Amino acid sequence: FGKTLDRADPELQPVLKKLHHLYQINVIKKDLGYFTTSGLMSTGTGAKVGKAAADLCREVAPQALALCDAFGISDEMLNAPIARDWIKYNSVDNKGEVEGVEF
């Protein structure tokens, strides 16, 4: 993905670069302990990872629906009960089904 960014439509490059950065931040966040304990990242820098991810999410949010369309995420997937209210969806043992729970 990162290697093809420079060949993307110049109008799309800013948002695609933000998505790529967000992906990279997410990878780092998942293994933050490893990055800091191995000396690849200082604890000070590691402490900023969460804020960087939140900031990128806020920056990308206005384009969220357009991005979903561009990546082929269907309305059915966007309107799945778990996509609307994750806490309520998981408040009962629904075994992946939506029967008996009103959303």
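Author: Helices (H or I, at least four residues) and strands (E, at least two) are DSSP runs, numbered from the N terminus. This is a predicted model, in which local features need pLDDT of at least 70 and side-chain atom pairs count only at pLDDT 80 or more, while totals for chains, interfaces and linings use all residues. Residues are numbered from 1 along each chain as its sequence is written, and side-chain values use heavy atoms, with hydrogens and water left out.

Reader: Which helix holds His 20, and is His 20 buried or exposed?

Author: His 20 is found in helix H1. Buried means under 20% relative accessible area, exposed over 50%, and partly exposed in between (1.4 Å probe, protein chains only). Because its relative accessible area is 18%, His 20 counts as buried.

Reader: Leaving aside neighbours within four places in sequence, with which residues is His 20 in contact?

Author: Contact means heavy atoms within 4.5 Å. The C-alpha atoms of His 20 and Leu 5 are separated by 8.9 Å, although the two residues are 15 residues apart along the chain. Once neighbours within four places in sequence are set aside, the residues in contact with His 20 are Phe 1, Gly 2 and Leu 5.

Reader: How does His 21 stand in terms of relative accessible area, and how far is it from Ala 53 in space, C-alpha to C-alpha?

Author: His 21 also lies in helix H1, and with a relative accessible area of 37% it is partly exposed. Along the sequence, His 21 and Ala 53 are 32 residues apart, and in space the distance between their C-alpha atoms is 8.8 Å.

Reader: Which residues of H1 are buried, and against which helices do they pack?

Author: In H1 the buried residues are Gln 13, Val 15, Leu 16, His 20, Leu 22 and Ile 25. These buried residues of H1 pack against H4 and H5.

Reader: Why does the span of H4 agree with its number of residues?

Author: The expected span of a helix is 1.5 Å times one less than its number of residues. Helix H4 (residues 49–60) has 12 residues and should therefore span 16 Å. The C-alpha atoms at its ends agree with that, being apart by 17 Å.

Reader: Which residues of H4 are buried, and which exposed residues does the face turned away from its buried side carry?

Author: Val 49, Ala 53, Leu 56 and Val 60 are the buried residues of H4. They cover an arc of only 65 degrees around the axis, which puts them on the same side of H4; the arc is that of the directions from the helix axis to the C-beta atoms. The face turned away from the buried side of H4 carries the exposed residues Lys 51 and Arg 58.

Reader: At what angle do H1 and H4 pack, and are they roughly parallel or roughly antiparallel?

Author: Axes are lines fitted to C-alpha atoms, for helices over the stretch in contact, and angles run from 0 to 180 degrees between N-to-C directions. The axes of H1 and H4 are 10 Å apart and the packing angle is about 150 degrees. Angles under 35 degrees count as roughly parallel, over 145 as roughly antiparallel, 65 to 115 as roughly perpendicular and the rest as oblique. H1 and H4 are therefore roughly antiparallel.

Reader: Is Asp 6 buried or exposed, and with which residues is it in contact when neighbours within four places in sequence are left aside?

Author: Asp 6 has its place in the segment before H1, and because its relative accessible area is 62%, it is exposed. Leaving aside neighbours within four places in sequence, Asp 6 is in contact with Gln 13 and Lys 17.
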